[in-house]
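Let's walk through this structure together, one piece at a time.

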Amino acid sequence: MLFTVLTGLITSGLLIPFGKLIKIKWSFLLPLIPVLLFIFYLLHIPTIAGGTNLVQHVNWVPSMGVNLDFRLDGLSLLFALLITGIGTAIFFYARTYLKGHVYYDRFFAYLLLFMSAMLGVVLSNNILTLFVFWELTSISSFFLIGFNNDSKESRSSALTALSITGLGGFFLLAGLILMGNVAGTFVISELFSKHDVLLAHPLYPLIAGLIFIGAFTKSAQFPFHFWLPGAMKAPTPVSAYLHSATMVKAGIYLLARFTPVLGGNELWNNTLMIVGGFTMAFAAIHALFRVDLKGILAYSTISALGMLTFLLGLGTPEAIIAAAVFILVHALYKANLFMVTGIIDHETHTRDITRLAGLRKVLFPVFIAALLAALSSAGLPSTFGFIGKDLIYEATLHYEEHWALWLTALAIITNVGLVAAGFMAGLKPFTGKLPADFEKVHLPYPSMWIPPLLLGILGLIFGLFPGVVGDLFNNQAANAIAHAETGMKLKIWHGFNMVLLLSIATLAVGIVVYLVNKPSEKKLAAVERFNRIAPQRVFLRIGRSIMRASAWYTHTFHNGYLRSYHIKIIIFAELLLAYKLWISGPIKINWEELTPLSWYEVGIVAILLGALYIIVTTRSRLTSVVSTSVIGYCICLMFVFYSAPDLAMTQFTIDTLTTVLFVLVLYKLPSFINMTSRWIVIRDAMVALGFGVILSLIALRVLQEPNTTDVSSFYGENSYLLAKGKNVVNTILVDFRGIDTMFETVVLSIAAIGVYSLIRLRLKASEKE
Amino acid sequence: MKSAILQTATRYLLPILLLFSFFLLLRGHYYPGGGFVGGLVAAIAFVLHSFANGTANTMKILRYKPLSLIPIGLAISTLSVVAPLLFGLPPMTGLWFEEPIPVIGMIGSALFFDLGVYLVVIGVVLTILFTIALEQ
Amino acid sequence: MELLLVIVIGLLYSGGVYLILRRSMVKLLLGIMLLGNGTNILIFLLGKITKGSPPVINEAYKVFQDIYADPIPQALILTAIVISFALTSFAIVLLKRVYALVDSDDLDDLNTPEEEEL
């Protein structure tokens, strides 16, 4: 399984250097990848349908519990098949759709990256690797939404999508880590047995909440739904693939995956039911007001995602199997409709459904594909959508008595909206009279219309033989979600009962709505008046105020003046050190331990302080340099007095050399100008004195601590015995801590090379001038 | 800054100071001194010479660019670090000749290490100062 | 003597901090050097200062017979002194180059004001 994830990643990387080849003639190789992966997963159907799960384990960062663990069960297989299967269709389609595009190679690199990442999400058996892949899908989605990078709208939509899903990812990571810590394992298959531990833990609501936010942002649930319509700025194959069939279902996958781990209590179920229920009804109604084909599809996708969340929230075996079926149903017809929309857009250069009509005459095969999708979405008997709808009603009707009626009503409203929206997108552009300006529209290459047609036909076949589909993967997927046998059989015909009645009623009302509802710009404008209180605005406003706050912060604290940074850092350090000194108690001076003063020491200190005073006050550069070297020589003398001959020699030579260096470079520069005002000088002097006083106090404080000399005495005693040297400082440098000295010489060399190249560099630059 | 006295003086000072610096290097293991100080003193000797006779002349005496001393020095100290590996000992283990050599005393890998440091220091200081001086 | 050294440390730090708060690049560099000197003395002081007994073993013996100055701070400071020379020389050359480019010692002249609209 690892290789299926890696293939795409590696190919994606290879497209950077070899993209040119792909552009010219090797592009037929690209769809081979999803095809092969699809076949690979098809071959696994018998194993998984038999009830066995595959596990693969590759060590990655074993010390942190992050391993490349993969696991294939019914749910993963369903998603893997969707990803590779729809991927196959999309790759064929996009090859033609984007033919001749400047960023052709880049597009496929992103698409492959996404495919691998998404496979990684559904196959990971480790929640941390799952998260890594999860974020990768967000990133690839960001690139694909902003694919037309010269359009401002594309860019801002991409940013919105990334910030919403990225924000969600942030919460998700927190949730996953918390969950892993509470359960004591990051391996998903081990988490199943920790269900009770997690549910009883006081942190459970927090974990569930964080994971909800992650899933809801990704799967565009209210109030995070608004990034999805914006994501439609991406090229249509991307919308079909990422933003309806696969990526947005990652959130659903996550919820389904963790239902056996975290689900099964009121908090989990009710949240999902409320959020999903609201989202599905809200978006279904919203879809009816759109005039842009992709807008309709975007909102109906949100609605479908809401439906899935809702079904997972119901949590009954019927609901879970309904969800498993609906994932497949929706992916099939929605990807189909998106591709059809892409063809219409490609050929007529408009997506406005008020203008589109009668295209069946010029785009007949496309019409068939769209019709199949629309019927499936409407849930007409003998389509796969019918089975899905039936199961949904069955699930709501069989819920707890008290709620069943309300939930069913909610599902009916949503389905009516979806029926109408499906017809608007799939039927409306093809019916009626063909406007004159579309008469010259011609059919695109078969590679564009065959994929949607195939998906449509597949939907029909699945609808006719639901039992086969159920046995092959849906049942196992449902079992994986429930982590138990659901024991449901998909049937084409349930007999005359309440469910069938509701289905027919939904269809009828949906058709009526479709016929009556005439979306127009005016209606759309009326709906958009509510935008002011829409979540999108709220998020935008929050985003802007964060930006303003950071701008203020940046302007105040990062003003670009070095001394202003210095003074802030120093004052902060002073406060911190002063606080530490304050809490560490009073300072006592042990007068007896002090070394006695002698007159020459006082003399040297006096000279040192005098030189210091001159440096600070002088206006002459040379004077200050000379005074600095005087300070150095004074320190050198102190080293002489206090038994450090090596130091004294080093200090003396270095000081001499530094002075030479200064004189060589600086003697030409003009003298200092006093540029600061009086009060700034006073302020700086106060800060500086404060720092000095604090440092002095710290020195006193440390002096009163007892001196531990274990290490020193080790060196002292072993200097001759081990290192055969009698100068302990030297043995430390060349023997005990020789590696340190070694690297010190390396640092010196780097400085010399730096100086050398800096000067040579300048010479060359000036030579050029 | 050319003065006859200084020029004459440095003619004698240079070898003396170099000898002194080498002396500091060799006795560093037993008395104050060592590679750092030795290298610095040697560098000062050359700097003094360049003051009196001009940097170009000093470069002539040196024959090679001071920059080339750096890799030589680094190589010598690295060798002394890894040499014990040849004898199956961990790196940095001190290796010593059995018999002391007159004047210098015991010779061991530590001395070679210090010699490397000595050369690197001379190379670094002279590179820095001479590139700056020549650029004026 | 320790008290005197404590005062010297404090004043060296004060002087260093005061100088790095100036606008002049040369003063900045001198300030850094003063801070370095202050730190060296601080480290030296913390190893308990001892008079007249360097950490060198007497010729006649193999181990110390008497008290001796702490060798570790000395080794540390020796390293610090040499490294600070490398730092100073690089900074001086950098300073020289900046001076040649902007023809000023004023740190503020290095700022190219960029007003970015959000």
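In this predicted model, residues 6-21 of chain C form a span that is 94% helix and 0% strand. Now move along to residues 28-46 of chain C, where the chain is 100% helix and 0% strand. Here the end C-alpha atoms are 27 Å apart. What does the UniProt record say about these stretches? The unreviewed UniProt entry places the feature "transmembrane region" at residues 6-21, 28-46 and 75-95 of chain C.

Next, look at how chain C meets its partners. In its contact with chain A, 74 residues come from chain C and 85 residues from chain A. On the chain C side, the elements that give two or more residues are α1 (2-20), α2 (25-46) and α3 (71-102). Which of these gives the most? That is α3(C), with 22 residues. Sorted by class, the side of chain C that touches chain A holds 49 nonpolar, 13 polar and 12 charged residues.

Chain C also touches chain B, in a contact that takes six residues from chain B and seven residues from chain C. Helix α5 (residues 109-135) of chain B supplies the largest share of the chain B side, three residues. By class, that side of chain B has six nonpolar, no polar and no charged residues.

Finally, let's go inside chain A and see how helices pack. Two packed helices are described by the angle between their axes and the distance between the axes. Start with helix α4 (residues 74-97) of chain A and helix α16 (residues 317-348) of chain A, which pack at an angle of about 5 degrees with their axes 11 Å apart. Angles under 35 degrees count as roughly parallel, so α4(A) is roughly parallel to α16(A). Among the residues that meet are L78(A), L82(A) and I86(A) from α4(A), and A324(A), I327(A) and L328(A) from α16(A). This contact has 12 nonpolar, two polar and no charged residues.

For a second pair, find helix α18 (residues 384-397) of chain A and helix α20 (residues 446-464) of chain A. Their axes are 6 Å apart, and the angle is about 55 degrees. α18(A) and α20(A) are therefore oblique to each other. Where they meet, F384(A), F386(A) and I387(A) in α18(A) face G459(A), F462(A) and G463(A) in α20(A). By class, this contact has four nonpolar, two polar and no charged residues.

Note on methods:
Residues numbered from 1 in each chain as written. Chains lettered and ligands numbered in written order. Predicted model: local features only at pLDDT ≥ 70, side-chain atom pairs only at ≥ 80, totals over all residues. UniProt positions renumbered as here; feature names shortened; annotations may be inferred. Helix = DSSP H or I, 4+ residues; strand = E, 2+ residues; numbered from the N terminus. Contact = placed C-beta atoms within 7 Å. Nonpolar A, V, L, I, M, F, W, Y, C, P; charged D, E, K, R; others polar. Axes fitted to C-alpha atoms, helices over the stretch in contact; angles between N-to-C directions. Parallel < 35°, antiparallel > 145°, perpendicular 65-115°, else oblique.
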